[in-house]
Every structure is written in structure tokens, then in C-alpha cells.
Amino acid sequence: KCTAAEFCIVAADVCAKKPENVTHVEAASVPLVAMTVMQSFHCCFRIETDAPGPTSTGPRVLILRGSGGVGTMAIQLSKQMFGASYVAVTA
């Protein structure tokens, strides 16, 4: 609800400290990239994002443009959330 506000209040347990070697602009881009990946998992590919954690029999995922921001996040989230094996294609 506070996306257009200059300040907003959030619970401390959903916050993380920004690493010193990351700019504020870079840190601000992470939620947008992660939300893009999660939306594509849920809406486009019908992968349930509330699935249990990593397993040895997770889905196989083909990630195009795996070296970009969204591709890199897709690799990390599919491994962490679903135990997916993946193939990333880059140019």
C-alpha cells in the first residue's frame, strides 16, 4: 500500500540490510525482478509458488536469457523454492 509514499512502515522480519557494495538503485531493483519471476511462475507457467521447499524430484525448468537480471533471479528462485533442475540459455 505504500508504493508511492516517501516513507512507509513495514515489519522488521520482512526487511534485510542492504550490503555496502550495492547501491540504493541496485537494491531497489531486486523486488521488481523477483516479483516478475514469481508472477511468471504462477500466472504463465502455473507453477504453484506455495509448493514445499527443494526436493530431489523438482521440476525441470528452461530459462531463456539466463544471464540477465530476471533470468538470474529465475534460476535462483526455481532452485530454492522448487528444487528445480534447469537449463539456462544465453547469447
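This note goes through the elements of the predicted model and how they pack.

1. Basis. Local features need pLDDT of at least 70 and side-chain atom pairs pLDDT 80 or more, while totals for chains, interfaces and linings use all residues. Residues are numbered from 1 along each chain as its sequence is written, and side-chain values use heavy atoms, leaving out hydrogens and water.

2. Elements. The protein has 2 helices and 2 strands, in the order α-β-α-β from the N terminus. Helices (H or I, at least four residues) and strands (E, at least two) are DSSP runs, numbered from the N terminus.

3. Strands. Strand β1 (residues 60-64) and strand β2 (residues 85-89) pair in the parallel sense over 5 bridges; pairing requires at least two DSSP bridges. L62 stands opposite V87 in β2. On β1, V61 and I63 form the covered face, and R60, L62 and L64 the uncovered one.

4. Helix packing. Helix α1 (residues 24-44) packs against α2 at an angle of about 60°, with the axes 9 Å apart. Axes are lines fitted to C-alpha atoms, for helices over the stretch in contact, and angles run from 0 to 180 degrees between N-to-C directions. Contact (heavy atoms within 4.5 Å) involves, among others, V30, V33 and F41 of α1 and V70, M73 and L77 of α2. By class, this contact has 12 nonpolar, 3 polar and no charged residues; Gly counts as polar.

5. Whole chain. Of the 91 residues, 20% count as buried, meaning under 20% relative accessible area with a 1.4 Å probe, protein chains only. Residues 24 or more positions apart account for 66% of the contacts with a separation of 6 or more.

Technical notes
Buried < 20%, exposed > 50% of the residue type's maximum accessible area, 1.4 Å probe, protein only.
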